[in-house]
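Please consult the sequence and structure shown here.

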Amino acid sequence: MRGFVARRLLVAIPVVLVATFVVFLLVSATGDPLADIRTQPATDPQTVRLLEEQYHLNDPVVERYVHWLGDFVQGDWGTSFSTDRPVTDMIGEAAWNSFLLVGTTVVLSVFVALLVGIVSAVRQRSAFDYAATGFSYFGFSMPDFFFALLLQLVLVVWLREQFDVQLFYVQGKYTVGEEGNLVNLVQHMVLPVATLMLTTVAAWSRYQRDSMLDVLRSDYIRTARAKGVPRSRIVRHHALRNALIPFVTVVAIDTGVLLGGVVVVERIFSWPGLGLVFFTALERSDYPVVLAWTALATVFVVLCNLVADVIYGLLDPRIRVSRRSAGPSAVAPTPAASPPEVAAS
Amino acid sequence: MSMRVGDESARTRAESIDPLLVSNEVATPEGRSEWRRAGRRFRRHVPAMLGVAVLVLMAFACFVLVRFVPSPTKLHLAHSYEHPSSSHWFGTDELGRDSFSRVLHGGQISLRIALGVALLSTVVGVVIGSMAGFYGGWLDGLLMRFTDLWIALPALPILALAVSIGTVDLGVFGGIDLGGPLGMTLLLSLLLWGSIARVVRGATLSLREREFVDASRAMGASNARIITRHVLPNCLGPIVVNATLVVAEAILVETTLSFLGFGIQPPTPSWGNLLSDAIGTFEDYWWLTVFPGLAIFVTVLAINFVGDGLRDAIDPRRPVRI
Amino acid sequence: MSLLEVSGLAVAFDTEAGARRAVDDVTFSVDGGERVALVGESGSGKTVTGLALLGLIDPPGRVVDGSIRFDDRELDGLSERDYRTIRGREIAMVFQDPMTALNPSIRIGDQVAESVLVHDRAATRATAATRARDLLALVGVSTGGARERDYPHQLSGGMRQRVVLAMALANEPRLLVADEPTTALDVTTQAQILELLDHLRSELGLALLFVTHDLGVAAAVADRVVVMYAGRVVESAAATELFSAPRHPYTRGLIESSPRFGTERGSLPAIPGQPPGLSDVPAGCAFHPRCGFAEPRCAEAVPPLESVADGHEVACVRVHELPAPVRR
C-alpha cells in the first residue's frame with residue numbers, strides 16, 4: 001500500500017512540473033505583461049526596469065520558470081498588476097468562495113447520485129430506472145451555460161412576473177446590505193449549485209448504476225444468493241461495498257474536474273470565486289495572478305487524482321492487503337463485468 | 001482534458017466499452033457477418049435511429065439549407081427584436097439580423113470544428129494508445145498515467161489562456177488564429193484524445209497476445225505493420241464509438257469557450273457566441289438564447305444516442321439501455 | 001420416495017429471436033445420501049438445471065414447466081422468501097470458478113459465518129465466528145495463522161474452493177449441488193478437492209448432485225449418471241452400468257472419445273460436428289445430425305425416455321435395433 005502511493009506520487013511530480021511549465025509557456029506567449037505600463041506616458045523608465053528585474057523578464061524562459069517555481073513553492077506568488085494586492089490574498093479569498101460552491105455541490109450530488117444509482121440498478125428496467133436514464137442523457141447533453149439561463153428564465157424571471165416573488169438571486173454571494181445573512185446566502189447559492197449538480201448527478205448516478213449492475217451480475221453475488229442471504233442484505237452488504245470503491249474514486253477525481261466547470265458558473269452568476277478571479281486577470285493580462293491560478297489548479301487536479309488512488313487503495317483489500325501465497329499482486333481495476341450467461345453450460 | 005464532470009463519465013463510458021474490462025476477448029466484431037449483425041442491431045436501436053435522423057436533418061440545415069436563407073450579417077434596423085414569425089422563424093436580433101440564419105451559420109462553424117476535432121484527436125489517441133498498449137512496460141505506465149491526468153486537467157481555463165495568445169506563427173503553415181475555427185480545432189484536438197487513447201490501449205493490450213499477431217511477427221512483419229494491419233482494424237468498433245462521443249464533447253467545449261468570449265469571435269457566428277451576445281437581454285428576448293441553446297442540446301443529445309446505439313450494437317453482451 | 005424429484009423441468013431464455021428452451025423436459029431423481037452426476041457438454045443445460053433447483057434462474061431466463069420436489073415439497077413457484085430458507089440450508093451449491101465465487105472485499109471467515117447467521121437465528125456473531133473457524137478447519141483451510149481473517153485474493157484457487165465448500169456445508173444441507181467444482185483447478189488440486197468432497201459427503205451423509213462435463217470425474221464420484229444433450233436427458237443409469245453398457249449413441253460416442261474409457265490406445269474417435277446452440281436445436285432427436293445411426297424418423301419427433309433395464313433409461317427410438325455394445 002505504501003509502495004503503491006509512493007509510485008503514484010513519483011509520477012505525479014513530473015506531471016505537475018510539465019503542466020506548470022506548459023502553462024508558463026502559454027502565459028509568456030500571451031505577450032508582454034508590462035505592455036500597459038510601458039505605454040502609459042507617466043511611467044518612470046526606472047519602474048519598468050525594476051519590474052523587469054523583479055519578474056526576470058529579460059531572462060530565457062526556462063530560467064524564468066525556475067525562478068518563478070522557486071518563489072511559488074516558497075509561497076511568494078507575487079503581486080497583482082491590476083489590484084496591487086498580494087496574489088495569495090486574492091486567490092485565498094476566492095478559493096473559499098469557490099470551495100463553498102464546489103463543496104456543497106459534491107456533498108449534495110453524492111447523496112442524490114448514490115440514491116438514484118442504487119435504486120435504478122436494483123430496480124433495473126423499472127419506470128424509475130428509465131426516468132433516471134432520461135435525466136442522465138439530459139444532463140450529459142445540456143451545456144451548463146444554457147441550463148443556467150433556463151433556470152434563471154423559469155425560476156427567477158417567470159416567478160417574478162407571474163407571482164411577484166424573488167426566491168433566488170442570480171448575482172453574487174449576498175444582496176447588498178444583507179452580508180452575513182445565511183438565508184440570503186442560500187438564496188444566492190441555489191441556482192449556481194443546481195447548475196453544477198446537473199452534470200455531476202447525471203454522471204455519478206450513471207456511474208453508480210453501472211458499477212452496481214456489474215457487481216450484481218458477478219459470481220459472488222450468486223454465491224451469496226445460493227447461501228440464502230436476503231436480497232436487501234445482498235445489496236447492502238455484498239454489492240454496495242464493492243460498487244462504492246470505484247464510485248468514491250470517481251468522485252475524488254471529478255472534484256478536481258469541477259474546478260474547471262465552476263469557472264463557467266461563477267462567470268454567469270458573478271460569484272466572487274476563483275473563476276471570476278481568473279477571467280478578470282486574463283482579460284487584464286494580470287500575469288502573476290494567471291500563472292499562480294493555473295499552477296494551483298493543476299496541482300489541485302493532480303492532488304485529487306492522488307487522493308482517488310489512495311482511497312482506492314484503502315478501500316480495496318486487493319491493494320491494501322498484499323497477497324500471501326502468490327507473487328506481486330496484480331492490481332485489479334474496477335470490477336469487471338461478467339457477461340450475462342444466456343446459454344450457460 | 002475535460003471541461004465538465006460529465007467527461008469523467010466519458011471516461012467511464014470509455015472504460016465500459018474498453019474490451020479489457022468487459023472480457024478478455026476484444027469486443028469488436030470480427031469478420032463481415034459480425035459487422036452485418038452489428039449493423040442490424042444498430043438499426044433496431046430506436047433512440048440511435050432517432051439520433052441519426054436528427055443529425056441528418058441538422059447537417060442538411062447547416063450545410064445545405066444555409067445557402068437559401070437570408071445573410072446572417074444583413075442588417076434590418078427597422079426590424080430589430082422581432083418575435084419568431086413565418087418570415088423570421090427564430091425572430092431577429094438587435095440589428096434586425098435573421099436569427100434562424102445565424103443559428104444555421106453558427107451550426108456550420110460548430111459542427112465543422114467538432115468533426116475536425118473528432119478526426120484529429122482520434123489520430124492522436126490512436127497513436128498514443130497503440131504505442132502504450134503495444135510496447136507495454138514503462139512506456140505504457142508513463143503514457144497512461146499522463147493520459148489520466150491530462151483527462152482531468154481543467155480544460156476551460158487552459159484553453160482560454162491559449163486562445164488569448166491570439167495568432168501564432170507556425171512557419172510553413174503560416175499564422176493561425178487560435179481563436180478562429182482552425183485554431184480552435186487544433187487546440188481541442190490536442191486536449192480531447194485521452195479517452196480514445198485509453199480504449200485503443202486496452203484493445204491493443206489484449207490483441208497483442210493473439211495468435212494472428214504472433215503469426216505475422218514470425219513472418220517478419222514490423223511493429224508498425226502489425227499495428228496498422230492487424231491491431232487497429234480489430235479495435236475499429238470502440239474507436240468509432242469514442243470518436244462519436246468526442247464530437248459531442250467538442251461541441252460542448254467549443255460552444256462554452258465561445259460563450260465565455262474565448263472562442264469564435266463575432267461577427268463569425270457560433271452557437272456559443274450567439275448565446276453570449278444575447279445573455280444581457282435574455283429576459284426580454286428569449287428567442288435569441290433559447291434557439292441556439294436548443295440547437296446545441298438537441299445535437300449533443302442526438303450524438304449521445306447514436307454513440308450508445310453504436311456501443312450496444314458492437315458489444316451486444318452489454319444490456320441494451322433505454 | 002426420493003429426496004429430490006425433478007420431472008418435466010423446462011427453463012426458457014428470452015433471446016433476440018424469441019424464447020428458447022435451454023432445458024426441456026428434464027426428469028431425474030436423487031435419493032438421500034446418493035451421488036448423482038449430471039454429465040453433458042457445455043451448452044447442454046446442466047448448469048441451468050442446477051441453478052433451477054435453487055431457484056436462481058434470473059431474467060431473461062425463467063422456469064416455464066415441470067416440477068421440482070424436494071423432500072416431498074414442491075419448490076417451483078415458491079416465493080423468494082420461502083426459497084431462502086431452502087437455499088444454503090436444505091440445498092447448497094458450489095460453483096465452478098473459485099476465483100470469482102467469493103466476495104473480494106469480505107474476509108473469508110466472515111463469508112463463512114454469514115452462511116451460519118443467515119439460517120440459524122440462535123447464532124450470535126461470536127458463535128458464528130467459532131463455527132466458521134471449525135468449518136474452515138474441516139475443509140482443510142488451516143486456521144493456525146488466523147486464515148479466517150484473510151481476503152480471498154490471499155488464497156490459492158484450491159484454498160478458495162475449500163472456503164466455498166465450507167460455506168456450502170455450514171448448515172449441513174441434505175443435498176449439495178456441485179457445478180464443475182474442480183474444472184478451474186489444476187489436476188493435483190482437483191484430486192484433493194474430489195477426495196475432500198467425497199469424504200465430507202459420507203461423513204455428513206448428504207446427497208450429491210455433481211454437474212460436470214468430464215466423464216472421468218463422473219465415474220470417480222457418482223453412483224448414478226444422468227447424461228444431458230441439448231437441454232434434454234438422453235440416458236440415465238447406474239454408473240457401472242452406464243460405463244460398461246452405454247445404450248444411447250451419444251453416450252457411446254462420449255465414452256469412446258474419452259481417453260479413460262476408449263477401447264483402443266492411440267485412436268480416440270471424436271463425435272463429428274458441434275453441439276447445437278440455444279437457437280438452432282435440430283428437430284426431433286437433437287443428436288441426429290451427429291449420430292452414426294440416424295434414420296429419417298429420428299428427425300420427426302423427440303424420442304421419449306424409456307426404460308431398457310432396471311434403473312436404466314434411454315431416449316432413442318432405435319435403442320432396441322442398435323447393435324449391442326460390447327460389455328467390458
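Q: In which sense do strand 3 and strand 9 of chain C pair?
A: This is a predicted model, in which local features need pLDDT of at least 70 and side-chain atom pairs count only at pLDDT 80 or more, while totals for chains, interfaces and linings use all residues. Residues are numbered from 1 along each chain as its sequence is written, and chains are lettered from A and ligands numbered from 1 in the order in which they are written. Helices (H or I, at least four residues) and strands (E, at least two) are DSSP runs numbered from the N terminus, and two strands pair if DSSP finds at least two bridges between them. Strand 3 (residues 35-39) and strand 9 (residues 224-229) of chain C are joined over 4 bridges, and the sense is parallel.

Q: What angle does the direction of helix 1 of chain C make with that of strand 2 of chain C?
A: An open sheet of 4 strands in chain C has antiparallel pairing and the order 2-1-4-5. Its edge strands, each pairing on one side only, are strand 2 (18-30) and strand 5 (73-74) of chain C. Helix 1 (residues 46-53) of chain C packs on this sheet and touches strand 1 (4-15), strand 2 and strand 4 of chain C. With axes fitted to C-alpha atoms, for helices over the stretch in contact, and angles running from 0 to 180 degrees between N-to-C directions, the angle is about 70°.

Q: Which element gives the largest share of the side of chain C that touches chain A?
A: Counting two residues as in contact if their C-beta atoms, placed from the backbone, lie within 7 Å, 41 residues of chain C meet 25 residues of chain A. Elements giving two or more residues to this side of chain C include strand 1, helix 1 and helix 5 (157-169) of chain C. The largest share is 4 residues, from helix 3 of chain C.

Q: How far apart are the nearest C-alpha atoms of chain B and chain C?
A: Of the 2 pairs of chains in contact, chains A and B share the most contacts. Chain B and chain C do not touch, and their nearest C-alpha atoms are separated by 10 Å.

Q: Within what arc do the buried residues of helix 11 of chain B fall?
A: A residue is buried if 20 or more other C-beta atoms, placed from the backbone, lie within 10 Å of its own, exposed if 12 or fewer, and partly exposed in between. In helix 11 of chain B, I226(B), I227(B), V231(B) and N234(B) are buried. Taking directions from the helix axis to the C-beta atoms, these buried residues line one face of the helix, because they fall within an arc of 95°.

Q: Is I239(B) buried or exposed?
A: I239(B) lies in helix 12 (residues 236-260) of chain B. Beyond its neighbours within four places in sequence, I239(B) is in contact with T122(B), V126(B), I196(B), V199(B) and V200(B). Because 20 other C-beta atoms lie within 10 Å, I239(B) is buried.
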